[in-house]
Amino acid sequence: MLPLSTLNPQQREAVETIHGPVLILAGAGTGKTRVITFRIAHMIERGVPPSHVLGVTFTNKAAREMQERIGKLLPGRLKGRKGPREDKKNESRPTICTFHSLCVRILREHIEKLGYKRNFIIYDESEQVGVMKRILGSISPNGEKADAGEILGLISRMKNAGDQATFGDPSARAMAMHLRSRYETALRACNAVDFDDLIVLTLRLFDQHPEALEACRAKYLYVMVDEYQDTNAAQFKLVHSLTSEHRNLCVVGDDDQSIYGWRGADISNLLDLEKHFPEVRIVKLEQNYRSTNTILSAANAVIRRNVRRRGKQLWSEKGNGPRIRIYTFEHEEEEARSVVELIDYARLSSRIPWSDQAILFRTNAQSRPLETALRQGGVRYHLIGGQSFFDRREIRDLLAYLKVFLNPRDEMSLLRIANVPARGLSEATMERLIHASQERKCSVFEVMKNPVVIAGFQSKTQENVAAFVKVIERTSGTLRNQALIGQSRPLGTWARAFLDEIGYFNELRRQEKNPEAAENRIRNLQELLDTMDDPEGESLPPLDRLETFLEEITLDNERETEEEGPGNAVTLITMHSCKGLEFPHVYIVGMEDGLLPHVRSKEENTQDEERRLFYVAITRAMQTLVISHCGGRKKYGKLIPAHPSPFLKELPEELVEYASEKAKIPVAPDSGKSLFAAMRAAVE
């Protein structure tokens with residue numbers, strides 16, 4: 001027998017309600033996965049054949065975890081392969097898989113009805129781009145071509161939005177609509193589909209061949225969908241098609257955590273469920289097992305400002321805990337240094353390991369000062385949901401240029417930037433130069449300056465090599481001549497001018513699929529360039545300043561100590577990536593108007609989603625929460641005034657504690673007093 005007595009009353013109601021439509025409103029930290037797995041196990045225990053149960057998740061990892069949990073709840077009852085890829089003919093396990101995996105199963109059985117062969121292949125992103133490039137090439141063999149990735153992105157959004165697409169540049173959207181049929185024809189000729197087609201073709205199958213739909217309905221008599229607030233229009237239509245007759249649909253989600261509207265998620269699927277299932281039974285899970293009541297009360301107060309939502313009030317038996325600490329700093333460098341001090345002080349004074357602490361931020365670019373401060377402070381970290389700032393292509397390109405200016409013999413760096421931006425130095429050309437350097441036992445750069453070697457290339461290639469050598473030598477000479485740069489000229493200002501001169505910024509804009517992605521890369525560069533403008537180092541010669549800068553950037557950030565293993569590291573994570581995670585001690589940085597809510601939210605009328613993002617960030621914290629904002633942020637080398645996020649005003653005063661700028665000590669995890677106050681009392 002299942003231990004149903006371990007569930008709270010609302011959880012048990014959700015588990016025991018088997019028939020008919022059910023909406024489980026699962027607030028943050030309320031045991032959602034536990035309820036889903038108990039519910040499926042309870043259905044099987046009550047006699048529902050496992051083969052008639054379908055659970056749909058958004059990741060294979062979540063599907064595997066649910067299968068494992070159900071197996072532990074029903075030991076010996078379920079046989080066959082575990083996970084989202086269990087045998088198709090296996091009748092002793094429920095089907096738990098992603099939307100795409102479900103559609104692959106259906107199409108493998110029925111796709112011949114649509115004119116495809118059963119052994120169709122699924123094209124990945126690079127294969128899709130290759131197809132689109134061929135199409136664009138056939139339209140404009142010699143002229144300027146549209147960006148294949150951008151066109152594919154728009155086609156994808158059209159499919160997921162159920163063809164109700166109203167986004168993107170009108171001309172690009174029109175081109176995407178025009179090319180969509182040619183793209184689909186090209187894939188079909190190869191008996192191939194893309195990921196979006198898996199759902200689109202399944203829906204087409206159901207529309208054109210009702211017998212296939214009836215077969216699926218007869219098989220999947222009980223359907224559960226996790227993270228329902230994240231479903232898009234096509235996914236909603238698929239779920240509705242499967243369940244509109246037998247009505248045994250259970251959706252689990254939280255409209256307050258709907259933060260993926262930018263990629264097609266439609267919150268109305270959850271908010272308007274009664275339009276399609278008027279008899280739906282709604283069960284609210286409001287008891288939180290993660291956070292203190294101070295944190296939950298703050299989250300409740302913030303999210304209550306959103307008008308279009310399903311009301312719920314999170315609460316906990318964990319007590320009130322310390323108040324939320326709010327800091328103000330002059331700029332992002334001071335914010336980063338101070339947060340790192342807080343983190344390491346908590347480790348040293350309260351034995352709070354780095355792994356129990358996490359820093360949350362709105363945009364990827366915000367990780368740069370944080371990563372720099374963590375490296376300088378000797379604090380290990382790992383970045384989730386994004387690429388390390390120093391591993392991003394544009395950052396590595398700039399650092400490679402700077403290293404070559406210092407040392408043209410640095411072949412790894414030279415080979416990286418020889419054709420960046422594109423200057424006619426192809427891979428084949430560089431391979432010949434590398435071979436020549438190996439024969440002559442000298443550097444590639446020396447070979448590039450050797451007229452005997454270069455004479456073996458075509459005249460155009462000779463010109464391109466000479467132009468590259470000239471750029472490196474002229475710039476290196478400029479750095480060596482203090483008079484050309486000037487003692488007082490900031491290094492970042494010089495580097496910014498250099499990148500502009502070689503056309504690097506324009507190259508980024510040309511290469512990226514969409515303008516926003518290009519501007520993000522440019523902002524990342526500006527972040528790094530701003531750190532080069534160090535007033536304290538302006539008395540040094542330019543080459544010394546550059547050398548010092550590169551040394552600091554390449555500090556070893558993988559320090560190991562005997563008492564702390566490699567798993568002990570601070571988590572850096574964007575707010576969009578943190579959903580579903582939890583950390584004992586959380587630091588939310590950059591709470592400024594324009595970052596959160598993001599500046600685009602006012603133009604796109606998505607401020608409610610930005611507030612939900614803040615709500616998600618708050619509810620990641622289990623014991624303590626620190627929030628910080630800056631009075632200014634650097635942009636293009638200048639400190640631009642910044643203003644506190646309006647969301648901060650929505651935090652009840654009785655729940656927060658404002659710290660002075662110099663009192664850089666966090667609230668103690670086990671009391672309402674700050675560690676700073678405790679230290680001061682001990683000294684006195």
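**Exercise 1.** Is Arg247 buried, partly exposed or exposed? State also where Arg247 lies and what marks its backbone.

*Solution.* The model is predicted.
Step 1. The relative accessible area of Arg247 is 21%.
Step 2. Buried means under 20% and exposed means over 50%, so Arg247 counts as partly exposed.
Step 3. Arg247 is placed in the loop between H10 and strand S7 (249–253).
Step 4. Most residues other than glycine have a negative phi. Arg247 is not a glycine, yet its phi is positive, about 70°.

**Exercise 2.** Describe Lys441 by its phi, its location and its accessibility.

*Solution.* Step 1. Lys441 has a positive phi of about 55° and is not a glycine.
Step 1. The residue sits in the loop between H17 and helix H18 (444–448).
Step 2. With a relative accessible area of 76%, Lys441 is exposed.

**Exercise 3.** Summarise the protein chain by its helices and strands, its buried share and the sequence range of its contacts.

*Solution.* Step 1. The protein chain holds 28 helices and 19 strands.
Step 1. It has 684 residues, and buried residues make up 54% of them.
Step 2. Take the contacts between residues at least 6 apart in sequence: 75% of these join residues at least 24 apart.

**Exercise 4.** Which residues touch the most other members of the largest nonpolar core, and which helix gives the largest share of this core?

*Solution.* Step 1. The largest nonpolar core has 48 residues, and those touching the most other members are Leu402, Met448 and Leu499.
Step 1. Helix H15 (residues 393–406) supplies the largest share of this core, eight residues.
Step 2. Leaving out residues up to four places away in sequence, Met448 touches Leu414, Leu425, Leu433, Ile454, Val465, Phe468 and Val469.
Step 3. Another core, of 42 residues, lies apart from the largest one; among its residues are Leu102, Leu201, Val251 and Ile267.

**Exercise 5.** Work out how helices H4 and H10 pack, which residues make the contact, and what kinds of residue these are.

*Solution.* Step 1. Two packed helices are described by the angle between their axes and the distance between the axes.
Step 1. For helix H4 (residues 99–110) and helix H10 (residues 233–243) the angle is about 55° and the axes are 12 Å apart. H4 is therefore oblique to H10.
Step 2. The crossing of H4 and H10 is left-handed.
Step 3. H4 contributes Phe99, Leu102 and Cys103 to the contact, while H10 contributes Gln235, Leu238, Val239 and Leu242.
Step 4. Sorted by kind, the residues of this contact are six nonpolar, one polar and no charged.

**Exercise 6.** How many residues of helix H12 are buried, and against which elements do they pack?

*Solution.* Step 1. Helix H12 (residues 293–303) is mostly covered, with 10 of its 11 residues buried.
Step 1. The buried residues include Asn293, Thr294, Ile295, Leu296 and Ala298. Ala299, Asn300, Ala301, Val302 and Ile303 are buried as well.
Step 2. These buried residues pack against strands S9 (287–288), S10 (315–316), S11 (324–329) and S16 (621–630), and also against helix H27 (607–618).

Methods: Residues are numbered from 1 along each chain as its sequence is written. This is a predicted model: local features need pLDDT of at least 70, side-chain atom pairs count only at pLDDT 80 or more; totals for chains, interfaces and linings use all residues. Side-chain values use heavy atoms; hydrogens and water are left out. A nonpolar core is a set of buried Ala, Val, Leu, Ile, Met, Phe, Trp, Tyr and Cys residues joined through side-chain atoms within 4.5 Å. Buried means under 20% relative accessible area, exposed over 50%, partly exposed in between (1.4 Å probe, protein chains only). Helices (H or I, at least four residues) and strands (E, at least two) are DSSP runs, numbered from the N terminus. Contact means heavy atoms within 4.5 Å. Axes are lines fitted to C-alpha atoms, for helices over the stretch in contact, and angles run from 0 to 180 degrees between N-to-C directions. Angles under 35 degrees count as roughly parallel, over 145 as roughly antiparallel, 65 to 115 as roughly perpendicular and the rest as oblique. A crossing is left-handed if the near helix is turned anticlockwise from the far one by less than a right angle, and right-handed if clockwise. Ala, Val, Leu, Ile, Met, Phe, Trp, Tyr, Cys and Pro count as nonpolar, Asp, Glu, Lys and Arg as charged, and the others, Gly among them, as polar.
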